[in-house]
Amino acid sequence: MKDSSRKQGGGAAPCAACKLLRRRCALDCVFAPYFPAEEPHKFASVHKVFGASNVNKMLQELPEHQRGDAVSSMVYEANARVRDPVYGCVGAISSLQQQIDMLQTQLALAQAEVVHMRMRQFSSMTNSPENASPSSRDTQSHQAKSLFSMDMVEDQANMEDSLWH
């Protein structure tokens, strides 16, 4: 990940961190692999929220294979914190949770309305043939129940498709 063309004496551009901190970018700079010179905004927001010293300590304490993920998390949190200084990404998570709760309530109401409509349809089908024989009423009742259960299975399958795709 490190740019092997960078030399101690200059030559290549310093990483975004060293440039912002106005220092020489050493060959073993811990920031260089994660804050390239072409993306100065990444380090600027991380530095503003966490401070260069803290970021340096965090990266030094982590194994190299985890540093990329840590930097991504810090950049995400820093950008969220810049947008919402009080709550940061917790505010975004809370807002999304409220949306989920609201949508679950709307879904439950819609499902209850569907059940209510099907029950009205079912009761109108069983009450209308007053002069029908008992065997035809049983057949109609069985058809209505199977129609109801098939629709519920179909609705559940559609709901699962919409939740996961």
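The points below go from the overall fold to single residues.

1. **Ground rules.** This is a predicted model, in which local features need pLDDT of at least 70 and side-chain atom pairs count only at pLDDT 80 or more, while totals for chains, interfaces and linings use all residues. Residues are numbered from 1 along each chain as its sequence is written, and side-chain values use heavy atoms, with hydrogens and water left out.

2. **Overall fold.** The protein chain has six helices and zero strands, and its elements run α-α-α-α-α-α from the N terminus on. Helices here are DSSP runs of H or I with at least four residues, strands are runs of E with at least two, and both are numbered from the N terminus. Among contacts with a separation of 6 or more, 44% join residues 24 or more positions apart; a contact means heavy atoms within 4.5 Å.

3. **Surface and burial.** Of the 165 residues, 22% count as buried. Buried means under 20% relative accessible area, exposed means over 50%, and partly exposed lies in between (1.4 Å probe, protein chains only). The chain exposes about 11900 Å², with carbon and sulfur atoms supplying 56% of that area; the areas come from the Shrake-Rupley method with a 1.4 Å probe, and for residues only the protein chains shown count as cover.

4. **Helix 3.** Ala52, Val55 and Leu59 are buried in helix 3, which covers residues 52-61. Why do they line one face? Seen down the helix axis, the buried residues fall within an arc of 65°, so they share one face of the helix; the arc is taken from the directions from the helix axis to the C-beta atoms. An α-helix has 3.6 residues a turn, so residues three or four places apart point the same way. The buried residues of helix 3 pack against helix 1 (16-21), helix 2 and helix 4.

5. **Val55.** This helix 3 residue is buried, at 0% relative accessibility. Leaving aside neighbours within four places in sequence, Val55 contacts Phe31, Phe35, Val46, Phe50 and Met74. Val55 and Met74 are 19 residues apart in sequence, with 8.6 Å from C-alpha to C-alpha.

6. **Lys42 and its partners.** Lys42 sits in helix 2 (residues 40-50). Its side chain forms a salt bridge with that of Glu39 (3.3 Å, N to O), where a salt bridge is a side-chain nitrogen of Lys or Arg within 4 Å of a carboxyl oxygen of Asp or Glu. Glu39 is partly exposed, at 29% relative accessible area. The Lys42 side chain also reaches the backbone oxygen of Tyr34 at 3.2 Å.

7. **The helix 4 pair.** The structure holds two salt bridges. One of them links Glu77 and Arg81, with the closest N and O atoms 3.2 Å apart. Both residues lie in helix 4, four residues apart, about one turn of the helix. Glu77 is buried at 16% relative accessible area, whereas Arg81 is partly exposed at 27%.

8. **Arg22.** Please look at the backbone here: Arg22 has a positive phi of about 55° although it is not a glycine. Most residues other than glycine have a negative phi. Arg22 is in the loop between helix 1 and helix 2 and is exposed, at 79% relative accessibility.

Notes: Polar contact = N/O pair within 3.5 Å; in protein donor to acceptor, adjacent residues only side chain to side chain.
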